[in-house]
Amino acid sequence: MILPIVGYGDPVLRKVGAEISPEYPNLSELIANMYDTMYNAYGVGLAAPQIGSAIRLFIVDTAPFAESDDLSTEEIAQLKSFKKTFINAKILKEEGNEWAFNEGCLSIPEVREDVFRKERITIEYVDENFVKHTDVYDGLIARVIQHEYDHIEGVLFTDKISSLKKTLIKKRLQNIIDGKIFPDYRMKFFNKKGR
């Protein structure tokens, strides 16, 4: 089932997500709905706060990035096959040089800005079967994970841009809060009933 995506300004996007257990109600259905919602919006990641649940759950599928002409054959293969569910994640380490990438967010449509992040991460999490993993990721995969991880920490990509850029996008952010935008997917706006 496709769920409405919560828009910028909703307090749930600022909450630190709570850890969940295998007994979390309807977890398999929630995860399936999140994938349906993400694919419907042509996203590469979606965190539970973006659908109104302040829990430590996010999903990633980087296959759309595999269509870039700027990547090696190895990078394309990695991106094409990377699809994971992260529960109760904790980034243990961020390493390497910071690099800029133009990021967007399903909760902040029509806004894209360059964000600097470290190139490699070590992350501990459990998957949808509550099997524990500690993995190292780099490049675009690490970038998407860092973006989604920020969501479960109550952080948005707009928090990582300069004060000047924040001033320049202020009106666009207010339009999202007020529901004065019309993305191609269902959204729930803070100052307006969803569409």
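# Pockets, annotated sites and nonpolar cores

The largest pocket has a volume of about 450 Å³. On a 1 Å grid over the protein atoms alone, a pocket is an open set of points where a 1.4 Å probe fits, with protein on both sides within 12 Å along at least five of seven lines, and lining residues have an atom within 4 Å of a point. Grid points are joined across faces, edges and corners, and a volume is the space filled by probe spheres set on the points. The model is predicted, so local features need pLDDT of at least 70 and side-chain atom pairs count only at pLDDT 80 or more, while totals for chains, interfaces and linings use all residues. Residues are numbered from 1 along each chain as its sequence is written, and side-chain values use heavy atoms, with hydrogens and water left out.

**Largest pocket**

- Val44, Gly104, Cys105, Leu106 and Arg112 are the closest to the centre among the 24 lining residues.
- Two or more lining residues come from each of S4, S5 and H3; helices (H or I, at least four residues) and strands (E, at least two) are DSSP runs, numbered from the N terminus.
- By class, the lining holds 13 nonpolar, six polar and five charged residues. Here Ala, Val, Leu, Ile, Met, Phe, Trp, Tyr, Cys and Pro count as nonpolar, Asp, Glu, Lys and Arg as charged, and the others, Gly among them, as polar.

**Second largest pocket**

- The second largest pocket has a volume of about 250 Å³.
- Of its 13 lining residues, Gln78, Asp138, Gly139, Leu140 and Ile141 are the closest to the centre.
- Helix H2 (73-81), strand S6 (132-138) and H3 each supply at least two residues of this lining, and H2 gives the most, with four residues.
- The lining of this second pocket comprises eight nonpolar, two polar and three charged residues.

**Annotated binding site**

- An unreviewed UniProt entry annotates Cys105, His147 and His151 as "binding site". UniProt positions are given in the numbering used here, feature names are shortened, and annotations may be inferred rather than shown by experiment.
- These residues are spread over 47 residues of sequence yet cluster in space, with a largest C-alpha distance of 10.2 Å.
- From this set, Cys105 and His147 belong to the lining of the largest pocket.
- His147 lies in helix H3 and is buried, with a relative accessible area of 8%. Buried means under 20% relative accessible area, exposed over 50%, and partly exposed in between (1.4 Å probe, protein chains only).
- Beyond residues up to four places away in sequence, His147 touches Glu103, Gly104, Cys105, Arg117 and Phe157, where contact means heavy atoms within 4.5 Å.
- His151 also lies in helix H3, which spans residues 139-152, and counts as buried because its relative accessibility is 1%.
- With residues up to four places away in sequence not counted, the contacts of His151 are Leu13, Lys15, Ala47, Pro49, Gln50, Cys105 and Leu156.

**Annotated active site**

- The UniProt record, an unreviewed entry, lists Glu148 for "active site".
- Glu148 is found in helix H3 and counts as buried at 4% relative accessibility.
- Apart from neighbours within four places in sequence, Glu148 is in contact with Gly45, Leu46, Ala47, Gln50, Phe58, Ile59 and Val60.

**Nonpolar cores**

- The largest nonpolar core has 38 residues, and those with the most contacts inside it are Met34, Leu46, Leu57, Ile108 and Ile176. A nonpolar core is a set of buried Ala, Val, Leu, Ile, Met, Phe, Trp, Tyr and Cys residues joined through side-chain atoms within 4.5 Å.
- Elements that give two or more residues to this core are strand S1 (5-6), helix H1 (27-40), strand S3 (57-61), strand S4 (83-105), strand S5 (108-126) and helix H4 (163-177).
- H1 makes the greatest contribution to this core, with six residues.
- A second, separate core of 22 residues includes Ala47, Leu79, Leu140 and Ile152.
- Leu46, found in strand S2 (residues 45-47), counts as buried at 0% relative accessibility.
- Ile108 touches Tyr8, Leu156, Phe157, Thr158, Leu173 and Ile176, residues up to four places away in sequence not being counted.

**Loop between S2 and S3**

- Ala54 lies in this loop and is partly exposed, with a relative accessible area of 26%.
- Residues up to four places away in sequence aside, Ala54 touches Val12, Lys15, Gly17 and Ala18.
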